[in-house]
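Welcome, and thanks for taking a look at this one.

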Amino acid sequence: MTYYEPIQSVDGKVIGSIYVGIPAPKTAIFDMITSTKIGGKGYVYIINSQGQFIEHPTLKGKTVTAMIDPSTKKPYMDEVISKKNGPLRYRFPDTSGNVREIFAYAHYFEKWDWIITASMEYND
């Protein structure tokens, strides 16, 4: 988990930032999540309310709120982050950059601000 805060000069210009990071502990839950497969190519991932992937096969530690879906003009993970629980359908680019339709089911664990999501391509 990470947090950034801008450092501003007296006249309000951003001159740096403060970073605080707490590494997520390696536990049995991460082993279970990384080894779980859904359908042919699906997987389980964890994202927080700020859009940072806590666990993901290729995006761990990355924040996706700046990744915009050109067809909807919204962040790719907008529905996952806003809804947090239940069935979801959204679009997301694969590692080749091709946008795929994803079917998922999410559960929000409020204590750690984790949205634990099982996902797979809709055509899988």
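## Inside the model

The largest nonpolar core of this predicted model holds 17 residues, and those with the most contacts inside it are Y45, I47, F53, M77, V80, Y90 and F92. Two or more residues of this core come from each of β4 (42–47), α2 (78–83), β6 (86–93) and β7 (99–109). Strand β7 gives the largest share, four residues. As background, nonpolar side chains in soluble globular proteins tend to be buried together.

Setting aside neighbours within four places in sequence, V80 is in contact with Y45, I47, L88, Y90, I115 and T117. Another core lies apart from the largest one; this other core has six residues, including F30, V44, I54 and W114.

## A buried glutamate

Is E55 buried or exposed? With a relative accessible area of 7%, E55 is buried, because the cut-off for that class is under 20%. E55 belongs to strand β5, which covers residues 53–55. The side chain of E55 makes a polar contact with the side chain of K60, at 3.3 Å. Not counting residues up to four places away in sequence, E55 touches F30, I33, T34, Y45, I46 and K60. One of these, Y45, is also among the residues with the most contacts inside the largest nonpolar core, while F30 belongs to the six-residue core.

## Charged pairs

Now for the charges. Side chains of opposite charge can pair when their charged atoms come close. In this model the count comes to four salt bridges, and the table sets out some of them.

| Salt bridge | N to O distance |
|---|---|
| K41 with E121 | 3.8 Å |
| R89 with E101 | 2.8 Å |
| R100 with E121 | 3.9 Å |

Take the K41 and E121 salt bridge. K41 sits in the loop between β3 (37–38) and β4, whereas E121 is in strand β8 (residues 114–121), so this pair ties together parts that are 80 residues apart in sequence. K41 counts as exposed, at 56% relative accessibility.

For the R89 and E101 salt bridge, the two partners come from strands: R89 lies in β6 and E101 in β7, so the pair ties together parts that are 12 residues apart in sequence. R89 counts as partly exposed at 41% relative accessibility, and E101 counts as partly exposed at 36%.

The salt bridge of R100 with E121 links distant parts of the chain, with R100 in strand β7 and E121 in strand β8, 21 residues apart. R100 is partly exposed, its relative accessible area being 32%. Which residues do salt bridges with shared partners join into one network? They are K41, R100 and E121.

## A nonpolar patch outside

Moving to the surface, Y3, I7, I15, I18 and V20 form a nonpolar patch, and together they have about 490 Å² of accessible area. Strands β1 (2–8) and β2 (14–21) each supply at least two residues of the patch. Strand β2 gives the most, with three residues. I15 lies in β2, and I15 is exposed, with a relative accessible area of 60%.

## The overall picture

Stepping back, the secondary structure comes to two helices and eight strands. How do these elements run from the N terminus on? The order is β-β-α-β-β-β-α-β-β-β. Along its principal axes, the C-alpha trace spans about 55 × 40 × 25 Å.

The protein has 124 residues, and buried residues make up 29% of them. Among contacts with a separation of 6 or more, 32% are between residues 24 or more positions apart. The protein exposes about 8100 Å², of which carbon and sulfur atoms supply 58%.

Note on methods: Residues are numbered from 1 along each chain as its sequence is written. This is a predicted model: local features need pLDDT of at least 70, side-chain atom pairs count only at pLDDT 80 or more; totals for chains, interfaces and linings use all residues. Side-chain values use heavy atoms; hydrogens and water are left out. A nonpolar core is a set of buried Ala, Val, Leu, Ile, Met, Phe, Trp, Tyr and Cys residues joined through side-chain atoms within 4.5 Å. Buried means under 20% relative accessible area, exposed over 50%, partly exposed in between (1.4 Å probe, protein chains only). Contact means heavy atoms within 4.5 Å. A salt bridge is a side-chain nitrogen of Lys or Arg within 4 Å of a carboxyl oxygen of Asp or Glu. A polar contact is a pair of N or O atoms within 3.5 Å; within protein, one must be able to donate a hydrogen and the other to accept it, and residues adjacent in sequence count only if both atoms are side-chain atoms. Patches are made of residues with over 30% relative accessible area and no salt bridge: like charges are joined within 9 Å, nonpolar side chains (Val, Leu, Ile, Met, Phe, Trp, Tyr) within 5 Å. Accessible areas come from the Shrake-Rupley method with a 1.4 Å probe; for residues, only the protein chains shown count as cover.
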